[in-house]
Amino acid sequence: LNLSADVCAIGIDIGGTKISGAVVSGGGKILRSVLKAAPASEKEGGTLCVILQVVTELRAHYPMVQAIGVGAAGMVDWPSGHIRWAPNNSYRDLPLRAILSAETGLPTVVDNDANVAAWAEFRLGQGRQYAYLTFLTVGTGIGAGLILDSQLYRGPTGIGGEVGHIIVNPSGERCGCGNFGCLEAMASGVALGRAGQKAAREDPTSVLAALAENTDRVTGEMVYEAARQGDPVARSLFKQVGYWLGIGIASLVTLLDVEIIAIGGGLSSTGELLLVPARSSFEQFIFASKRRLIPPIIQANFGREAGVIGAAILALDMLNDNDYQRLSPAPVLR
Ligand SMILES: [Zn+2]
């Protein structure tokens, strides 16, 4: 770690609804941050315009920033940093890395949002003691970052490690991607809300139905609130969602033999409610459970700041390692 106060980079996290940016020190400390709404359409500059505003605002206060790291939702080509598509964002085919580095003159890296969050856990969280780590962000959807032999695994084009769409139950719920029984369709915040709606319809006198007023409006947050109040129905839904999560993790660990699994994202803030059933099915379904060390499943260290911190630290690490020269040339701009 470079703890020198004048080493810093800008980290940007592009989510489905918000774009957050921060100046982050080499030690992972947030020095200044900005938050803006993600544009609903690409008219009048759209996403790129908002990102450039964020950079300009942050650089006005910290002109010494040395690099920019971006974590973006959706499919991001590696190493070109060309964002292909994200289901919940308006941008399509945005060569973000090329544009940002041309506009700012700074070394820039653009990666998937779950990858940069995994990098924060690996470099600065409990995961720093391990060379093999899986980070899962369990929120509206499920994303993942795989650290294998102290490196992010991205596959040949950048879209490797889409753990949210491995199939855990082919006869299960339909996923946003069109497939059936993806981990994301069975174990995300949306899955929890959907199970809550069903439970509320089946028992209109339940705590869940009372919280929502309309059974179609039950959300994952309401299920959490009901579980916190001790509602047995809501608690059983956490068991169900945690069960599927544990199955997904079992397959991952059977395949990759990682040493630790860190769970972040909105649903991870429910802590043991989700993790206890996940650990239980994980131990049940992992290969050779009696003949191996069972890696721990822990709550991630970083909350909503994981994206900006991880993106900035990744940008600085690449600067230290001279990795920007090794990246393939950015595509020529029109
Ligand atoms: Zn899917």
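Tutor: Let's start with a helix end: N112 caps the N-terminal end of α3, with a side-chain oxygen 2.9 Å from the backbone nitrogen of A114. Helices here are DSSP runs (H or I, at least four residues), strands are E runs of at least two, and both are numbered from the N terminus. By the way, this is a predicted model, where local features need pLDDT of at least 70, side-chain atom pairs count only at pLDDT 80 or more, and totals for chains, interfaces and linings use all residues. Residues are numbered from 1 along each chain as its sequence is written, and side-chain values use heavy atoms, leaving out hydrogens and water.

Student: Ok, is α3 mostly covered or uncovered?
Tutor: Mostly covered: 11 of its 12 residues are buried, meaning under 20% relative accessible area with a 1.4 Å probe, protein chains only. Among them are W119, F122 and L124.

Student: What covers them?
Tutor: The cover includes strands β4 (68–72) and β8 (108–112), plus helix α10 (306–320).

Student: New topic: what coordinates the zinc ion?
Tutor: H165 (ND1), C175 (SG), C177 (SG) and C182 (SG) do, at 2.1 to 2.3 Å. Donors are N, O and S atoms within 2.8 Å of the metal (3.2 Å for Na, K and Ca); water is not among the atoms, so sites may look incomplete.

Student: How are those residues spaced in sequence?
Tutor: The pattern is H-x9-C-x1-C-x4-C.

Student: And are C175 and C182 buried or exposed?
Tutor: Both C175 and C182 are buried.

Terms used:
Buried means under 20% relative accessible area, exposed over 50%, partly exposed in between (1.4 Å probe, protein chains only). Contact means heavy atoms within 4.5 Å. A polar contact is a pair of N or O atoms within 3.5 Å; within protein, one must be able to donate a hydrogen and the other to accept it, and residues adjacent in sequence count only if both atoms are side-chain atoms.
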